[in-house]
Amino acid sequence: MSESHPAERGLYHRVVFKCDLTEARTATRSLRGFLAEQGLDESEQFNCELCLAEACNNAVQYAAKASVGRLLSAEAICHSAGIELRVSDHTAGFTLRKKRGIAPGRESGRGLFIIQSLMDEVRYFRSDDGNTLVMRTTRTHQQHRPADAAATASLDGARQQLESCQQAISGMARELCFRSESLAAIFRCCAELGRTSDLEGFGDRLMNDLLHLATADWFVLRMLPRGGTQLQVFATSSLTLFDDALPFAEDASASALPAELAAACTRKAVEFDAVRSTASYEPLRVAGATASGLVHPLVFGDKLLGTLAIGRRNSDTPFSALQAEMIRTFAEFMAVQIVNARHHEEQVHVRLVAHELEIAHRIQRALLPCTLPPLSGFRLAASWESARQVGGDFYDAFPLGEDGVLLVVADVMGKGVPAAIFATITRSLLRAMTVRSHHPARLLKRLNELLYTELSSVGMFITAQLVFVDLKRRTLVAASAGHCPVVIFSPDEVKTLSVTGTPLGILPHATYRQETATLGEPGGLLLYTDGLTESQTPSGEMFGHDRLVEWLRARVTQPLTAEAIRDELTAELNRFRGSAPLRDDQALLIMAEHPATLANPDPSGFRDADPLATASPDFAAASSVLSHVQT
Amino acid sequence: MKIEHDGNNLRISDIAELNAINASAFRDEVRAAMPASPNMIEIDLSQTRFVDSSGLGALFALYKAANNNGHDGVTLRLVNPRPSIQQLFELTQLHQLFEISRR
């Protein structure tokens, strides 16, 4: 009778047998068979069988007479840690003592000696209804069943998987470290660039960081200046090695080109190997006879900005895929920063230019009188339009005594703030000087003497038309420094008064002529700057002096106010110009006689295209400073 | 079990087991077959798959019987015991009484 089932602690097999040696032997054999199935090896099986046999034999041989008919049991319990053997008996029981050695000849006790020698743990439990001998031994070997062979294999496989996982993880950690270092380098360099806007320093720092991260030995970063034809060294690891400028031609054939030019022409990364290169001229060979590396073009869109060449002194260890990718990333990033820096420069330049022009414009506007002085019997009207591009036209009218007025129209040839400043100075000087002299030619001469040095040192000059009008006598004296002629008009006739003279700032000791004329009846004068006559249609046709004269002839057939003439002339000029942009400042100053002139002249005799009229600076203060000027 | 005589030599073989069941019979049979002045007694254990303490006891009894005549120089040999049984002999010091040989 035997039963075998899994127990809490493991699998077990139990045999019940009669109190008989033969049956005992059968029982122990059966238990050995069970143990063999559990994967015990030969030696373990034998030892367990022997111990069971000794115990069972003892149980049979020493069974109490009254218990001979009773059944005995022997069982084996297998679990992963060990084996437990149990044999019950109905003997009188024995005393389990500590194992001690026995002489070979000693018969009794030999069985117990064997059990205690072969088993790790032996216990004997005695009771009135029977005793149980418990023997335990640890398993020394793993199971050897086919399924367990698979378990062994899977354990090895698991170990291998673990190892390869660990390798993959350390590879990933290395890569992560590498990438995070390169990102940190980029951030560091950008922060510095943001602070200093120093592109050269940025390029130098970024490329040196790349050199370090990619464990390279040399680099040379070349830039193609805007509109340039040479790839010039911008940053390098060694100035002594790479100091040439490489001429660059967009359409050069790529075969047998040195690596940097090949990369520049094809806009693709190129590998460089000093030993294998077939180019007859290869500047990168200075890096070493066995040097190798990569050249990356720096492009933005289809525009070539430069090249980055980076490499090692020998070709034994080419860049890894990760390092090559990092080089590409840094090259692309450098290209973006170059473009940014150029934009920034342009923006700054544009802003500076716009700002300067703004200042110049304000100065120009400030030059112009807010109000034109009242004249007895005559009115003044003026118009001024700025092209905002070129330097200052200005006009002015200084009343001189009761019946005189000095009319000025001038054009400072030059640009921006310097022109506007000269215009200011000229106006101030005139104001100071007219206090003492009503002589236009002398005024121009003196003006030229005062301004010649400064004007010629900056290569500027000024044209001016000065007309002194004696309103009582109805005469005018005009002098010109290379300026447009005065137009004298009346309903009867329109004539031009042209006086020659050199513009101020051309000759150090210029002298000027003046001419006299009389006003018509009713009288009218027009002074203007050449921006007016040079005004063009979209097709390029100029207004011209003749057309101006013709227009006046047609319009002033009847007396018109100075304002009316100005407005209509301005309208005519705008119509003529049409959609074409204003190319030059236009200024005009009109004096016209009108019988209905009011005692209080229109304070807004001045009108200009800019509705935001600014206050005129205090030229009186400037004039008083200049009042010491000798005429 | 096979018993062979060869003059004063005795050879026993084909022993399946030496256990509590047959140990006494084994001892008696061999003792009966023993020559008066045995020269060599050899027991072939190559087929013996199991020996317990009773079997050991029987072997020891044979040792005593062979040496009982006050006669020195009897060779008692156990031939080709299986490894587990060899270990058992060593454990119980029987290898000091019997010569253990391998052929």
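# Reading a predicted two-chain model

The secondary structure of chain A comes to 13 helices and 23 strands, where helices (H or I, at least four residues) and strands (E, at least two) are DSSP runs numbered from the N terminus. This is a predicted model, in which local features need pLDDT of at least 70 and side-chain atom pairs count only at pLDDT 80 or more, while totals for chains, interfaces and linings use all residues. Residues are numbered from 1 along each chain as its sequence is written, with chains lettered from A and ligands numbered from 1 in the order in which they are written.

User: What share of the residues in chain A is buried?

Analyst: A residue is buried if 20 or more other C-beta atoms, placed from the backbone, lie within 10 Å of its own, exposed if 12 or fewer, and partly exposed in between. Of the 631 residues in chain A, 38% are buried.

User: Which residues of the largest nonpolar core touch the most other members?

Analyst: In soluble globular proteins, nonpolar side chains tend to be buried together. A nonpolar core here is a set of buried Ala, Val, Leu, Ile, Met, Phe, Trp, Tyr and Cys residues joined through C-beta atoms within 7 Å. The largest has 78 residues, and A:Leu407, A:Leu527 and A:Ile590 touch the most other members. Helix H8 (residues 416–434) of chain A supplies the largest share of this core, eight residues. Another core, of 48 residues, lies apart from it and includes A:Leu224 and A:Phe248.

User: Beyond four places in sequence, what is A:Leu407 in contact with?

Analyst: Contact means C-beta atoms, placed from the backbone, within 7 Å. Outside that sequence range, the contacts of A:Leu407 include A:Val467, A:Leu527 and A:Met591.

User: In what order do the strands of the six-stranded open sheet in chain A run?

Analyst: Strands of a sheet pair through backbone hydrogen bonds, either parallel or antiparallel. Two strands count as paired if DSSP finds at least two bridges between them. In chain A the order is E9-E8-E7-E12-E11-E10, with antiparallel pairing. Strands E9 (246–247) and E10 (270–273) of chain A are the edges, each pairing on one side only. Six bridges join E7 (residues 218–223) to E12 (residues 303–312) of chain A, and A:Arg222 has A:Thr307 in E12(A) as its bridge partner.

User: Which residues of helix H1 of chain B are buried?

Analyst: In H1 (residues 23–33) of chain B, the buried ones are B:Ala23, B:Phe26, B:Arg27 and B:Val30. They cover an arc of only 95° around the axis, which puts them on the same side of H1(B); the arc is that of the directions from the helix axis to the C-beta atoms. The face turned away carries the exposed residues B:Ala25, B:Asp28 and B:Ala32. The buried residues of H1(B) pack against strands E1 (2–6), E2 (9–13) and E3 (17–18) and helix H2 (53–66) of chain B.

Technical notes
Contact = placed C-beta atoms within 7 Å.
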